[in-house]
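Let's take a look at a protein chain together with its RNA partner. Have the sequence and the 3D view open, and follow along.

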Amino acid sequence: MFDDIKSQIALRIDAYCQQNDLPTGKVEFRSIPFSGEWGMAAPLFPLAAADPNKTGPVPQHAQHLAERLKDAIALPEGFTRSEAIRGYLNLYFDTALYAASVIDQINREGAQFGNAPAAGQTVMVEYSNPNTHKPLHVGHLRNVILGGSVCNILEASGNKVIRANYIGDIGLHVIKWMCNYELYHAGEQPGEDKMRWMADLYSEADRRFHEQEGFEELVRDYFARWDAGDEHIHDLWLETRQWSMEGFEQVYALLGEHFDRIYFESDVEESGKQLVDQLIESGLASDGRPEKPVIVDLDAILGTKEEFRVAVILRSDSTSLYATKELPLAIMKFEEYDLDQSIYVIDVRQSLHMKQMQKLLELMGYPWAKRIHHLAYEIVNLPGNVIMSSRDGTVVLLDDLVREATQRALAVVREKNPGIDATTMTDVALKVALGAIKYPMISRENTKIVTFDWENALDFNGQSAPYIQYANVRANSILRRADKPGAHKASFGYPLEPSEVNLIELLSKLPDEISRSAKEFKPSSLASYAYELAKAFNDFYNQCQVLKAEGEMRVSRLSLVQASKVCLEKTLNLLGIQAPQVM
RNA sequence: GCCCCCGUAGCUCAAUGGACAGAGCACCAGUCUUCUAAACUGUAGGUUGUGCGUUCGAAUCGCACCGGGGGUACCA
């Protein structure tokens with residue numbers, strides 16, 4: 001916002017510099033910290049340091065220059081005063097004009113506010129990537145929330161986004177599950193909660209595999225029949241995979257996620273093996289079978305040392321690996337869509353593998369290989385640096401977490417707002433619970449480990465999603481009680497409270513915040529912003545009366561509340577968090 | 001060994017190279033006859049892991065250490 005005014009003033013400063021033997025292009029504006037008053041500031045240290053005629057230390061000279069510029073630059077329309085202080089040139093806006101133009105723009109654009117115009121870029125984001133026949137736990141949640149939020153943010157900043165999900169539908173875990181099913185649960189059908197049922201059978205199969213005498217043998221035999229193309233097993237696989245997929249759909253629906261394109265691991269296994277053959281023929285890969293696997297010695301090819309290492313692309317027994325399938329999948333994506341960027345939301349432990357895949361695709365001559373980006377994020381731990389593992393029984397199941405959080409949220413709603421009907425109450429509780437669960441997953445930087453603990457996840461106070469949701473509910477509550485919600489034209493022709501100025505300033509930053517978090521694939525910065533915005537609103541709410549105010553103050557404040565609601569809801573939605581209207 | 005990530009208040013985390021490093025939780029002291037107290041105000045809490053460098057200016061950039069985590073030829 002107001003970039004044109006900033007550059008206009010920068011031009012005037014440059015003109016002054018040119019006339020006075022000073023270097024140009026050294027002055028840039030930023031916002032002023034701790035302002036109770038809205039304005040912008042230019043540090044003059046770069047100019048001072050570059051001034052050939054400077055006498056004395058830089059800070060003093062910067063202050064001197066700030067004073068000279070303060071006198072020399074005529075204030076453009078909309079500014080009230082300027083000051084030179086501690087080496088900074090500060091310019092202050094006419095508060096009423098500024099406030100009115102920000103708030104009017106927000107209320108005019110509504111939910112579109114902050115969006116960048118379409119840039120014609122197509123981006124695919126691959127995320128979630130669950131294994132069928134296995135449960136989703138809290139560790140997987142971070143991936144889904146992060147990926148979904150990144151998609152939302154990229155869309156808001158003008159990209160066409162394709163949400164892709166790559167499903168692990170083959171492998172030992174699937175065979176284990178089916179073998180156990182046929183032996184001990186033949187003919188059984190999943191109940192209402194498919195995910196839970198599949199998960200229970202999976203842990204049963206896994207337990208037998210490790211503990212039950214002879215079960216592993218049975219699984220190996222079963223695997224051999226699968227490999228031989230046993231029709232019955234194939235049919236069972238399709239049926240049980242579908243159950244899993246329906247279980248995933250239930251979870252995605254709960255979380256508010258959807259996908260545009262589903263890829264199955266089984267779809268790319270054959271093409272992967274063919275690709276390996278081609279790589280051997282072309283000489284890039286060396287075939288060590290039957291004793292050793294098929295590898296690509298990237299360091300040897302590139303002349304690097306312990307940087308890309310050796311990529312293993314096919315087992316010595318000719319069965320496929322992760323890498324075998326990753327290659328054709330990448331190719332398929334670019335053949336199917338004209339992608340400007342292909343993003344993989346995968347945890348940081350796979351960084352080397354991603355690096356190898358990208359380099360290998362590059363060596364294979366695909367020019368788009370450079371447009372692959374691994375969006376690495378850290379895992380979710382349990383307190384004491386315990387990694388979630390289904391083997392050790394340390395997983396926190398999504399189901400349990402959501403149920404517990406919803407119950408707690410319901411208890412709070414019942415206490416705080418007993419008047420609302422039962423349907424609304426459960427709806428609100430679910431939105432609050434999901435928000436509370438999601439927020440810690442995206443409010444930390446991608447590269448930081450999230451430690452899950454129940455106490456924290458179920459805390460609805462302070463720096464949390466419910467805090468932000470509550471601020472929005474308060475805004476909604478005011479608007480609901482006002483006579484004509486939405487029809488308020490701001491003028492701000494009265495002395496604004498610092499809390500109002502602060503709130504308006506934050507509101508004006510939304511477009512910048514969206515583009516910044518899109519550029520860095522960092523929902524966390526937007527999550528911080530959402531919290532700051534809610535805090536600023538609560539401060540305003542506490543200090544300024546709206547409904548009891550009169551005249552243009554009332555009208556202006558109502559429009560400010562309306563704009564706050566627009567921005568709070570927008571930000572929450574970008575983070576994948578729903579905004580209830582009452583709490 | 002080599003590579004990547006992390007290290008900021010007791011705990012969990014913020015902070016485009018910019019003004020005095022900020023929040024939440026916990027602790028202590030206050031605020032509901034008021035648009036919903038899931039809120040707000042105040043007190044206290046810091047050698048930004050250590051050292052050297054770059055810079056007018058470093059939590060932020062570089063180098064070297066220390067501590068923790070992860071990866072490193074047939075798991076994904």
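Into which domains is chain A divided? There's domain 1 (3-93) and domain 2 (408-574), with bounds that come from an automatic or database domain assignment. Their C-alpha centres lie 35 Å apart.

Some ground rules: this is a predicted model, where local features need pLDDT of at least 70 and side-chain atom pairs count only at pLDDT 80 or more, while totals for chains, interfaces and linings use all residues. Residues are numbered from 1 along each chain as its sequence is written, chains are lettered from A and ligands numbered from 1 in the order written, and side-chain values use heavy atoms, leaving out hydrogens and water.

Now for the RNA. Around RNA strand B there are 62 residues, counted as near if one of their heavy atoms lies within 4 Å of it. His353, Lys416, Tyr470, Ser477 and Cys544 come nearest. Sugar and phosphate make up 61% of the RNA strand B atoms that come within 4 Å of the protein.

Here are some polar contacts (pairs of N or O atoms within 3.5 Å):

| Protein atom (N or O) | RNA strand B atom | Distance |
|---|---|---|
| Lys448 side chain | phosphate oxygen | 2.4 Å |
| Asn461 side chain | sugar or linking oxygen | 3.2 Å |
| Leu547 backbone | base oxygen | 3.1 Å |

Which element gives the most to this surface? That's α17, with seven residues; helices here are DSSP runs (H or I, at least four residues), numbered from the N terminus.

Technical notes:
Polar contact = N/O pair within 3.5 Å; in protein donor to acceptor, adjacent residues only side chain to side chain. Helix = DSSP H or I, 4+ residues; strand = E, 2+ residues; numbered from the N terminus.
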